[in-house]
Every structure is written in structure tokens, then in C-alpha cells.
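Trainee: I would like a close look at a single part of this model. Please take me through it in one go.

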Amino acid sequence: MKNQKLYNGLFARVLLIMMLFFFCVFLIGKTFYYNALLVGFFGVVLLFEMFFYVKNQLSFYDKVLLSILKNDYSTNFPEDNKKGDFKNLYLLYHTLKFQRQEQTSKELIYHSILNSIDTAALILEKENDSWNIFLMNDCFSNLFKVPKVSHWKYLKNYLPSLCDEIEKVGFKDIKSAISIKIEDQDLQTFVLQTSQTQTYNKEYFIVLLDSIQRVIEKKEKEAWINLMKIISHELMNSLTPIRALSQNLLHIVDQEKLEEEDFDDIKSSISTIINRSDHLQVFVENYRKLAMLPTPNKEMTSINALFDDCLRIMNPILKDENIELINEIKSSRSILIDKNQIEQVIINLITNSIYALKEKKDKKMFLSSYTENNRFFIIISDNGKGIDPVIKDKVFLPFFTTRKDGAGIGLTLSKNIIEAHGGYLSCQTDDDKTDFVICLI
């Protein structure tokens, strides 16, 4: 914005030019032609001076507006403008410049983050009725051997199977598996997940691809790390006191003469070593059970007969614990299972529910089942204390337990048995109820 100083300068020049004009007319009227010509010349010079004065004053205004319109903030204007005629415009320019620099910094960070992740990411930007490639991260480019092209039609030349799959659903949200051939390699399977988003007048389409093999390897690695932590913890809990007691025994027997209390120490140490050794033996035996689970010997088994046998074993314990059993399983169906192994799973889950109900006054356990899509579901529920969200992801880990007398293999063994049958075992919990769901083909 122009301030009062510009208006004052312009007004003074216009006034002076008008005075020279009238003075020139006056001289012509008096027939002083040469004097009139000289005054007129000064008037023209002053007119040109006023033109360049206005032009110079407005040049900063034009340059700033042009920079803003072109989104170019590389120009550094003199700081004199900060206090001059266009101080507000100068302030606006530098505010926008700072915001642009901040936005550029954020974009660099976002690009850096996207390029550092192991998931192949592609972001498309819609322009008219076609899609341009807004961003392709390094993982996508390296994994599929694709250069960072700028348009969707160019990407189709490199990855026709992926592009056809996305076009087939009309650039809508997808979550599925897809097989992609990379150059001369065999087909590889990926998890494809897409989402559409819109900001102001721009529409974007996000494509994420994860190698199923890499996901499996990652999960397996995490499982092995957790397993090794638990095994190391159990081994150290036994080996550390055994080593300490052994050193103590060695120190005692090295004495020239043994006192009565020395024999008591020897007996106590040997007893503790035996106890810890027994614990290690049980631990190794439990690990052997997990590692050497026999192949299921499947036979057609009546569902009612399966649960009758399980409840015949568990009913006395349920009565002793004052647990109300609500059994809604009444099915005439038969399923192909290893009856002994599935009985072991059901008994394990009922035992877990009994433990979860220890601190409850109103103890209830629910058994139910249903069939859906050629799958048979068994739900064992209780209104106990539930599972803490912190440990929910660990309940199926080998040797993980919250019970003082627990071995930590019941749920792991149950999960392995169900998976060996081609099904799965899952857990759901909320404030009022915990469900363990068995799915069998």
C-alpha cells in the first residue's frame, strides 16, 4: 500500500506542472514566445520526472506482486522498503516467504520419511481426468525397478498388472493381495492397500505395497526375538542361582574341617539345585511339546460329544469355583478333527477362564458356537477381569504367563493345534467380557 508521503510528492509535482503550464500560457498572451518556450521545456522535463518518479515508486509494488503470483521468494528486496512507502507490502512478502520456507522444510521432511520406510509408496495427483505421479518413494522405485516417471500412463509400461488392478476398480479404496512380475523374475505377491483423499481442490490417490514374504519374515523375526528373550530369562533364572550355589559348595568342601551348620548349608544348596534343575527340565519338556506337536489324527467327531467329554472333566472344578456355566452349544453336526487335541484346547481355554474369574463375585462362563461360510466357530467367554491391552499381543507367545504357577504354554499350544487343523484362534476383550474364538474348517 502506498502511504501519504507518495501522495504528497505526486500532488506537489502535479501542482508545479500546472503552474508552469498557466505561466506558459500567460507568457504567450504577452507575446514573450521565447520565454514561454523555455517555461514549456521545463514543464515537459518535470512531466518526465514525475513519470519516472511514479514508475520507480510502483516498481517495488509490481515486483513483489509478480513474485507472489509466481510463488518465487528468492528475491531479496532492500530493507529501506521496510520503512518506506510499501512497508505493509514488504511485511506481507516476507511473511509469505517465511511460510513458504517452512512448507518447503516440511515437504523435505515428509519426502525423507517416505523414502526411508520399507513400504513401497506411490502418491497420484489428479489433473482434469488424468493422474500425474505426485511422489514415488525410493522403495517403490528400487523394488519394482521403475524410474521416477511423472505420469500414470508411463508407469503402466513398467507395471501393467498393478495399474490394471487399480484401474479395474476405478481408483477406489482397495485392500487385497496382488501378484506382480518384476522384470524377468517370477511373480511375487504383495499386499496392496490404496486410499483416496482430497484437499481443497486437489484429489490424491495413495498406493502402498508390502511384500508378503517381507511381512512374514518381519513377524517371524519379532516372534523369535520375543521367544529368545523369554527362554534367556527362564534359563538365567535357574542357571544363576545354580552357579552361585555350586561356588558356595566348592568353598565349603575346600575347608579342612566341616561344622554341623556346613552340612546344613550343603543340604540346602543341593536341594535348591535339584529344584531349579527340575524347573529347567519342565521348561525344556514344555518347549519340546511346542516344537514337536504331532500331526492331527482327524476323524469325524460329534460336536455335542466333544463338549460333553470336556465338561465332564471340568464341571467339578466349575462347581468348586461357583462358576455359572451357560452352555448354548446344541449342534447335531460333526466336524473332522483330532478329538484329543481339540479337547486339550477347550480344556486349556476353560482353565484360563476359571483363573480370570478368581477375583469376581458373580462368575459366569459362556459357551456358544455358530457356522458361517463353511467354517465352524466356537466361542468360550467369561465376565472376568479381561486382558490388559499392554499384554494383549503377548498372550499367545510361548512361556508368557501372568500366573505364578503357570508354564505359559497353554495358549501357545492351543493356537498351534488349531493352526495345525487349518483354522485359527483369536482373542477379543472389553470391559465386560473376554472371548476366545476358535475357527475350524
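Is the crossing of α10 and α11 left-handed or right-handed? Please describe the surroundings of α10 as well.

Mentor: The crossing of α10 and α11 is left-handed. Keep in mind that this is a predicted model. The two helices, α10 and α11, pack at an angle of about 145°, and their axes are 9 Å apart. On the α10 side, the contact uses Gln-341, Ile-342, Gln-344, Val-345, Asn-348, Leu-349 and Asn-352. They meet Gly-410, Leu-411, Leu-413, Ser-414, Ile-417 and Ile-418 of α11. By class, the contact of α10 with α11 has seven nonpolar and six polar residues, with no charged ones.

Now turn to α9. Helix α9 covers residues 303-320, and α10 covers residues 339-356. They pack at an angle of about 30°, with axes 10 Å apart. That makes α9 roughly parallel to α10. The crossing of α9 and α10 is right-handed. From α9 come Leu-306, Phe-307, Asp-309, Cys-310, Leu-311, Ile-313, Met-314, Ile-317 and Leu-318. Their partners in α10 are Lys-339, Ile-342, Glu-343, Ile-346, Ile-347, Ile-350, Thr-351 and Ile-354. The residues of this contact divide into 13 nonpolar, one polar and three charged.

Five strands form an open sheet with mixed pairing, in the order β7-β9-β10-β12-β11. Its edge strands are β7 (324-327) and β11 (424-429), each pairing on one side only. From one strand to the next, the twist averages 15°. Inside the sheet, look at β10 (residues 375-382) and β12 (residues 434-440). These two strands pair in the antiparallel sense over seven bridges. One place to check is Ile-379, whose bridge partner in β12 is Val-437.

Helix α10 packs on this sheet. It touches β9 (364-372), β10, β11 and β12. The direction of α10 makes about 25° with that of β10. Helix α11 (residues 410-420) lies across β11 and β12. It runs at about 130° to β11. Both helices therefore meet β11 and β12, given that contact means heavy atoms within 4.5 Å.

Definitions and conventions. Residues are numbered from 1 along each chain as its sequence is written. This is a predicted model: local features need pLDDT of at least 70, side-chain atom pairs count only at pLDDT 80 or more; totals for chains, interfaces and linings use all residues. Side-chain values use heavy atoms; hydrogens and water are left out. Axes are lines fitted to C-alpha atoms, for helices over the stretch in contact, and angles run from 0 to 180 degrees between N-to-C directions. Helices (H or I, at least four residues) and strands (E, at least two) are DSSP runs, numbered from the N terminus. Angles under 35 degrees count as roughly parallel, over 145 as roughly antiparallel, 65 to 115 as roughly perpendicular and the rest as oblique. A crossing is left-handed if the near helix is turned anticlockwise from the far one by less than a right angle, and right-handed if clockwise. Ala, Val, Leu, Ile, Met, Phe, Trp, Tyr, Cys and Pro count as nonpolar, Asp, Glu, Lys and Arg as charged, and the others, Gly among them, as polar. Two strands pair if DSSP finds at least two bridges between them.
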